[in-house]
Amino acid sequence: MRAARVTRLEGPDAVELADVEEPAGDGVVVDVHAAGVAFPDALLTRGLYQYRPEPPFVLGAEIAGVVRSAPDGAHVRPGDRVVGLTMLTGGMAEVAVVSPDRLFKLPDNVSFEAGAGLLFNDLTVYFALTVRGRLGEGESVLVHGAAGGIGTSTLRLASVLGASRVIAVVSTQEKADIATAAGATDVVLADGFKDAVKELTDGRGVDIVVDPVGGDRFTDSLRSLAPGGRLLVIGFTGGDIPTVKVNRLLLNNIDVVGVGWGAWTATHPGALTEQWAGLERLLSSGRLPPPEPMVFPLEEAAAAVASLENRTARGKVVLRVRD
């Protein structure tokens, strides 16, 4: 089978298309039609992720495809359209073997490309807003990196989950257009966002900040919170990991909340299934539009991964594995 394989830990340029043996092992065998590309993939190509497989290895944690075979008693059958998590490698290939508890039926109104772009980002954001952020009806949400994968997921999900206002923070006008198309009610530029948010909210601030970026925006994000607000820490694509002067938390009774979706699902049996059930209802009903990912062919896997590292990606990035 064809697969996108890391041959050396030298960055996305070390991702090569290769013919490899089909995977073996217990689980559901899936003929993969599309595979998601996520920021951990870029880190894995440099050996910088907490999980460090030895090269050569096949990248990819998110897949969408058709079940080829399934163990007795599995909740899916051959021919079912599915999405799944390999956790954390093996997805960018024509065939993957997935544990049944990390595989879900894909709604008929969602394409394979959109399905491969759902799991990491939408499940993370769903968990962030509902469990960790405690989003209430009518509250306001601000999201950094709004044109990226987590950002566009937040823009799609926040209003569906009850937010009355969703403010996107972007670095360019081109990204502002992407954020507006994804569902932002307001868009502000990263340079001077604190003052812009203060003006938009008549000085009150926002109830929730979703931050997958980190870096030097962090303090101004805290200052942008309304009394009782929550800053959700999802990642550090900006590179630097910020620190908190905890006296700031006292002033307006604000929270800084970690969002470790993977760690939560690993320690809370049934959480993944519960989260997918909530997301699937929104998708099947049409209330939540599927993502519109940036799609690369499998042959351009290196460029797809590089687009996350060099921040040229627009929304979620997905590989088309089969036509």
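User: How many residue pairs are in polar contact across the interface of domain 1 and domain 2?
Analyst: This is a predicted model. Both pairs found across the interface of domain 1 and domain 2 are at pLDDT 80 or more. The number of residue pairs in polar contact is two.

User: How do the residues on the side of domain 1 that touches domain 2 divide by type?
Analyst: Domain 1 gives nine residues to the contact, and domain 2 gives 13 residues. On the side of domain 1, one is polar. The rest of that side divides into four nonpolar and four charged.

User: Which side chain meets Arg 314 in a salt bridge?
Analyst: The rule finds one salt bridge across the interface of domain 1 and domain 2. Domain 1 covers 2-117 + 291-320, and domain 2 covers 121-262. Arg 314 has 3.4 Å, N to O, to its partner, Glu 174.

User: What area do domain 1 and domain 2 bury between them?
Analyst: Their centres, taken over C-alpha atoms, are 28 Å apart. In domain 1, Arg 311, Arg 314 and Gly 315 lose the most area to domain 2, together 51% of what that side buries. Carbon and sulfur atoms hold 54% of the buried total, which is about 930 Å².

User: Why is one side of strand 2 and of strand 4 left without a neighbour in the sheet?
Analyst: Three strands form an open, antiparallel sheet in the order 2-1-4. Five bridges join strand 1 (residues 2-6) to strand 2, and Ala 4 stands opposite Leu 17 there. Strand 2 (15-19) and strand 4 (57-58) each lack a neighbour on one side because each stands at an edge, with a single partner strand.

Definitions and conventions. Residues numbered from 1 in each chain as written. Predicted model: local features only at pLDDT ≥ 70, side-chain atom pairs only at ≥ 80, totals over all residues. Heavy atoms only, no water. Pairing = 2+ DSSP bridges. Helix = DSSP H or I, 4+ residues; strand = E, 2+ residues; numbered from the N terminus. Domains from an automatic or database assignment. Contact = heavy atoms within 4.5 Å. Buried area = accessible area lost by both parts, 1.4 Å probe. Salt bridge = Lys/Arg side-chain N within 4 Å of Asp/Glu carboxyl O. Polar contact = N/O pair within 3.5 Å; in protein donor to acceptor, adjacent residues only side chain to side chain. Nonpolar A, V, L, I, M, F, W, Y, C, P; charged D, E, K, R; others polar.
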